[in-house]
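This report covers helix packing, a sheet and the surroundings of a ligand. The sequence and the model come first.

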Amino acid sequence: MMMSGRGVRLLTAHGLRGSLRKAAFSTTCPKHKSYKVVVVGGGAGGCATAAKFSSKLGKGKVAVIDPANMHYYQPMWTLVGGGMKTLEDSGKPMSEVLPKKADWIKQKVVGFDPHNNRVMTDDGQEINYEYLVVALGIQLNYNQVKGLPGAFETPGVCSNYSPLYVSKTLKSLQNFQEGNALFTFPNTPIKCPGAPQKIMYISEEYLRKHGKRDKANIVYYTSLPVLFGVKKYADALWEIVKERNISVNLRHHLIEVKPDSREAVFQNLDKPEELSTLKYEMLHVTPPMSSPDVLRNCPALVDGAGFLKVNKETLQHESFPNIFGIGDCTNVPTARTAAAVAAQVGILRKNLGMVMDGKDPRQTYDGYTSCPLVTGYSTCILAEFDFNLNPVETFPVNQAKERRVMFHMKKDMMPPMYWMAMMNGYWEGPKYIRKAMHLGLSK
Ligand code: FAD
């Protein structure tokens with residue numbers, strides 16, 4: 001094999017690591033780069049943050065590190081599962097979504113070195129920063145349920161939580177003959193804690209409309225002791241499950257799927273020795289989730305549960321003042337949603353700006369989050385609440401009531417708002433709309 005003197009020097013310099021292709025790559029891509037702001041993760045929080053800061057600081061000052069080809073608007077997956085949208089509708093190439101003024105480093109972050117202000121990527125680059133924003137999202141751990149992910153290859157097993165399996169939800173409904181339709185909520189923190197039951201209500205209506213409802217036994221298994229964390233909305237949801245003849249098993253979680261016999265095994269969390277095995281015709285799995293491994297493996301950055309340890313009000317890291325966090329990967333004690341991320345973008349923009357100006361961060365986040373609880377093909381309860389699980393409703397109507405207008409907002413208005421406003425850094429949640437709707441009397 002022929003190799004230039006420069007190529008030999010490069011290979012030697014990098015300890016003969018990697019292939020010739022990687023070495024050649026390093027001639028155009030220096031192994032050490034420096035940015036004013038590095039954003040790790042280009043999802044909802046990372047992209048919105050990068051849009052804000054790259055427009056403020058100008059070209060070449062902000063980098064986003066994310067290996068994904070596609071950026072998905074994940075809240076749409078509930079509708080994809082029900083056949084109201086397609087997976088293609090929910091995604092755009094990452095290259096089109098990330099801000100043009102930011103550099104996209106299309107690599108996976110494999111390590112953090114917060115004492116030396118740098119992160120490492122899987123192609124061996126070290127990226128230095130003055131300020132770091134961690135926006136890695138939450139990790140799906142299907143493999144923590146015995147039999148998964150293999151059972152997704154078999155009929156009836158589906159999950160709205162992954163682009164790999166979401167399209168199987170509609171297929172499972174279409175192929176449903178008769179038997180149990182089971183819906184699960186795992187024994188871990190998750191993103192969008194309403195989503196495991198939204199698809200259940202959609203499925204119930206699908207089966208009703210297609211004349212199969214009387215052949216279906218619909219059961220919800222949740223690890224939680226409640227149907228929903230906020231009493232006002234939980235009360236409304238209990239009415240719905242009663243009215244639609246859906247069984248609810250609290251404090252139970254899925255531990256095994258046996259695709260050969262089409263059985264699911266659940267554990268009673270209050271009596272761990274008590275297992276129940278059920279046949280399924282359809283099984284919708286919400287997987288166990290955790291902080292991403294790369295973050296959990298950096299003890300200096302995380303709390304005992306492995307999530308980024310930030311001040312829940314300022315979003316600044318508890319130990320490293322030049323690090324901020326946003327979204328699902330942080331230990332901010334609110335429901336993990338894109339709506340929460342939108343509200344956090346505004347807090348982060350102001351607080352990181354203040355820290356850059358040598359000031360203390362003063363903006364405080366109240367935990368605002370929102371979960372449009374889709375309850376069928378045309379209705380939705382719009383849950384909005386704060387850290388104290390108090391409703392913080394935008395509209396001057398009772399949002400615990402199922403409404404068509406909320407459904408259309410979720411299905412038709414929120415997606416363009418996400419792509420056009422939030423991804424360009426212009427949407428920081430409905431705070432001002434809420435104030436206007438309540439004639440200035442709301443928080
Ligand atoms: P994400 O948007 O998940 O982005 C994380 C990014 O980090 C990804 O781009 C990923 O590629 C990248 N990344 C991961 N690991 C690495 C690494 N090692 N190196 C570099 N990059 C990495 N929210 C709502 O507000 N309303 C809803 O109705 C709603 N419904 C939902 C329904 C479903 C089925 C699902 C799955 C989610 C739903 N959500 C909803 C939740 C919402 O999508 C998330 O809370 C939101 O996307 C979180 O944003 P984030 O930036 O924290 O993480």
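H7 packs against helix H8 (residues 231–243) at an angle of about 35°, and their axes are 12 Å apart. Axes are lines fitted to C-alpha atoms, for helices over the stretch in contact, and angles run from 0 to 180 degrees between N-to-C directions. Helices (H or I, at least four residues) and strands (E, at least two) are DSSP runs numbered from the N terminus. The model is predicted: local features need pLDDT of at least 70, side-chain atom pairs count only at pLDDT 80 or more, and totals for chains, interfaces and linings use all residues. Residues are numbered from 1 along each chain as its sequence is written, and side-chain values use heavy atoms, with hydrogens and water left out.

The crossing of H7 past H8 is left-handed; this term applies if the near helix is turned anticlockwise from the far one by less than a right angle, and right-handed applies if clockwise. Gln-197, Met-200 and Tyr-201 of H7 meet Leu-237, Ile-240 and Val-241 of H8, where contact means heavy atoms within 4.5 Å. By class, this contact has five nonpolar residues, one polar and no charged. Ala, Val, Leu, Ile, Met, Phe, Trp, Tyr, Cys and Pro count as nonpolar, Asp, Glu, Lys and Arg as charged, and the others, Gly among them, as polar.

H7 (residues 195–209) also meets helix H6 (residues 167–174): the two axes come within 10 Å and cross at roughly 35°. H6 passes H7 in a right-handed sense. On H6 the contact residues are Thr-169, Leu-170, Leu-173 and Gln-174, and on H7 they are Ile-199, Ser-203, Tyr-206 and Leu-207. Five of these residues are nonpolar, three are polar and none is charged.

An open sheet is formed by three strands in the order E14-E15-E16, with antiparallel pairing; two strands pair if DSSP finds at least two bridges between them. Strand E14 (252–258) and strand E16 (275–279) are the edges, each pairing on one side only. Neighbouring strands are turned by 25° against each other on average, direction ignored. Strand E15 (residues 263–268) and E16 share five bridges, and Gln-267 has Leu-275 of E16 as its bridge partner.

Around the ligand there are 36 residues, of which Gly-45, Asp-66, Asp-328, Ala-338 and Ala-339 come nearest; a residue counts if one of its heavy atoms lies within 4 Å. The table gives polar contacts (pairs of N or O atoms within 3.5 Å).

| Residue, backbone atom | Distance to a ligand oxygen atom |
|---|---|
| Ala-44, N or O | 3.1 Å |
| Leu-136, N or O | 3.4 Å |
| Ala-339, polar atom | 2.8 Å |

Definitions and conventions
A polar contact is a pair of N or O atoms within 3.5 Å; within protein, one must be able to donate a hydrogen and the other to accept it, and residues adjacent in sequence count only if both atoms are side-chain atoms.
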